[in-house]
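Here is a short briefing on a predicted model. Please look through the sequence and structure before reading the points.

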Amino acid sequence: MHRVGSTGNTSNSSRPRREKRLTYVLNDANDSRHCSGINCLVISKLSLLGGNDYLFSGSRDGTLKRWELADDSAVCSATFESHVDWVNDVVVTGETLVSCSSDTTLKTWRPFSDGVCTRTLRQHSDYVTCLAAASKNSNIVASGGLGREVFIWDIEAAMAPVSRTSEAMDDDTSNGVLSSGNSVLSGTTVRSTNATNSASLHTSQLQGYTPIAAKGHKESVYALAMNDVGTLLVSGGTEKVVRVWDPRSGAKQMKLRGHTDNVRALILDSSGRFCLSGSSDSIIRLWDLGQQRCVHSYAVHTDSVWALASTPNFSHVYSGGRDLSLYLTDLNTRESLLLCMEKHPLLRLTLQDDSIWVATTDSSLHRWSAEGQNPPKMFQRGGSFLAGNLSFTRARACLEGSALVPVNTQPSFVIPGSPGIVQHEILNNRRHVLTKDAEGTVKLWEITRGAVLEDYGKVSFEEKKEELFEMINLAQETLRGLLAHWLSRRRQRLATQVSANGDFPVGQENALRNHISSRIDVHDDAETHIAGIHPAFDFSTTSSPSIITEGSQGGPWRKKITDLDGTEDEKDFPWWCLECVLHGRLSPRESLKCSFYLHPYEGTTVQVLTQGKLSAPRILRIQKVINYVLEKMVLDRPLDSSNSETTFTPGLSGNQSHAAVVGDGSLRSGARVWQQKAKPLVEILCNNQVLSPDMSLATVRAYIWKKPDDLYLYYRLVQNR
């Protein structure tokens, strides 16, 4: 999967104030594989579709996948595509799948039917990192994130049909998922689409429902856990403490101290009395919440503990993390066993009968033998050791000095993933992208077709980049290719509407198409003009790209281009996309020059020879303007500047910068030096503020002047210091 971004409105247009972008994702031919690290896993025991278990995985590629599991097979039966950033966690509660993402949203899905996103919940102000659900209370889900927030959701209430108010509709035009972190919505409602694996487009505020907030976190939250009936919630993060809450009210109950680094993983037993925590300090701690203290600590890892999974009776714990190791530990006897070694850090663990599924920063999933229903059988194989309660450094020295042999050397089953792209280079023709993946394979992509042109294998990326060398603007052709299916469906719908209204006889298809094209969709001259440059790019429909964008209402959404049904409009697309596709017009590029006037400051008697409005590159420093003033200053010396094309050199020590006025008032380079007396000290001001010589004109215009009209600068002489 490869993302390609298109910029939005960068001019001084009075249309949307916030830039809207459209990004398209080039999918691999084998779209049934993840192509980046897998952050979360959950097993569903709801055997509704054939008697097998189902594994749901969420990845850093922004998608979730449903795997139908058998003894020696795993088939990807659905891909859920709606998030626009990493999927960080996923839980199954009743008949609903809930996921959270770095796009700051939670999404609900119908996991065992068509896989459609049924609702988008927006309450967090930053990345949502973790979820927790009550297995015996299918309505309760908790979410936590980097914004120091934990919310407890009643899923049934959050998904109830709601009405829209005028205030909510107004808010839609200004509030979005990726806007400032201070913009917090009370909830959302989403219009579901009929296509499988598609994004929901429209969002609005939920009226009458707000999740319960567990207030009191001072830093980011990385881990949550809840007991079976949903009466106890624990949280952990960068505060290095475990906080305990009542999820029914959001009230704080206790705070447990002991870890010396971030708390990254938490699990509760079914009763809610015991809690296990894993931390970046490499220690696993067992807490007795009734006694409000740590009763055991286990030092088995040599680096951060990122993942925990326990047996149903809470007698043994499986742990993994940054040290690539998966350990099994008996919580009563403290006996530990190294089950296996992965090649990448472990991010998530989940038990399935006698096996354990492991997700890592790699795109593949591994299943290992774990004897989850009878863990003592694993210890009968030998090789165990006694877990101590040593500090991090002592545990490292102790374990690294011993040669632990893993029980398993190969996983019992692998769900392969596609290697992620780790390096890329856009070639000079702006059509081709050279990529290198995690396995070292170098490929050449044609972004106008969304396909791999050449697979060079494992060769030198730098050498291949130098070998492939050839400038054109591809924005129009890219957009027209991406939205060709949408435009076709739009025309079909318009034709149906016109025919139904009786405007034209049904048989006159060609005349009708020409009428719709000229009247509603495309100006003929613009279409001809665009086509004369390059034809619209032809993207594959078998592995079609996905687009990520947002319109005037709601937040970002994601959909495959073949799932667009023609009903999307300015509420769903940025206005500049529609301008380009329907009318053949792209928003103007931002000018690279800045116009300004230069006048003496009030009370200054010194005059400068100028010729009205000046223009200069936006990156020009104020020091250059000072040099210009020095050259054109009228003091007690003759100025042989009768020629309007006079040039000069400012004469600053150690600086050979040049500037001058030529005919039209543009600042140009020159070569004359201040000679007759010591150079005076000049200050440049804007809005009565003295400007630093290191400032650029663009900075002054954006942060000091703050107006759309021409910039006014003022100069004055100051006493030499």
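**Packing around Leu711**

In this predicted model, Leu711 touches Cys594, Ser595, Phe596, Tyr597, Cys686, Leu697, Val700, Arg701 and Trp705, leaving aside residues up to four places away in sequence.

**Nonpolar cores**

- The largest nonpolar core has 26 residues. Ile684, Leu697, Leu711 and Leu713 touch the most other members.
- Two or more residues each come from strands E40 (593–600), E42 (614–617), E46 (681–686) and E48 (711–718), and from helices H11 (622–632) and H12 (697–705).
- H11 gives the largest share of this core, six residues.
- A second, separate core holds 25 residues, including Val433, Phe537, Leu564 and Cys577.

**Helix H10**

- Helix H10 spans residues 575–583, and nine of the nine are buried, so the rest of the structure largely encloses this helix.
- Gly584 follows H10 and has a positive phi, near 70 degrees.

**Open sheet**

- Four strands form an open sheet in the order E29-E30-E31-E33, and their pairing is antiparallel.
- E29 (346–352) and E33 (413–415) are the edge strands; each has a single partner strand, so one side of each lacks a neighbour in the sheet.
- From one strand to the next, the twist averages 20 degrees.
- E30 (residues 355–360) and E31 (residues 365–369) run antiparallel and are joined by five bridges.
- Across this pair, Ala359 stands opposite Leu365 in E31.

Methods:
Residues numbered from 1 in each chain as written. Predicted model: local features only at pLDDT ≥ 70, side-chain atom pairs only at ≥ 80, totals over all residues. Heavy atoms only, no water. Pairing = 2+ DSSP bridges. Axes fitted to C-alpha atoms, helices over the stretch in contact; angles between N-to-C directions. Buried < 20%, exposed > 50% of the residue type's maximum accessible area, 1.4 Å probe, protein only. Core = buried A, V, L, I, M, F, W, Y, C linked by side-chain atoms within 4.5 Å. Contact = heavy atoms within 4.5 Å.
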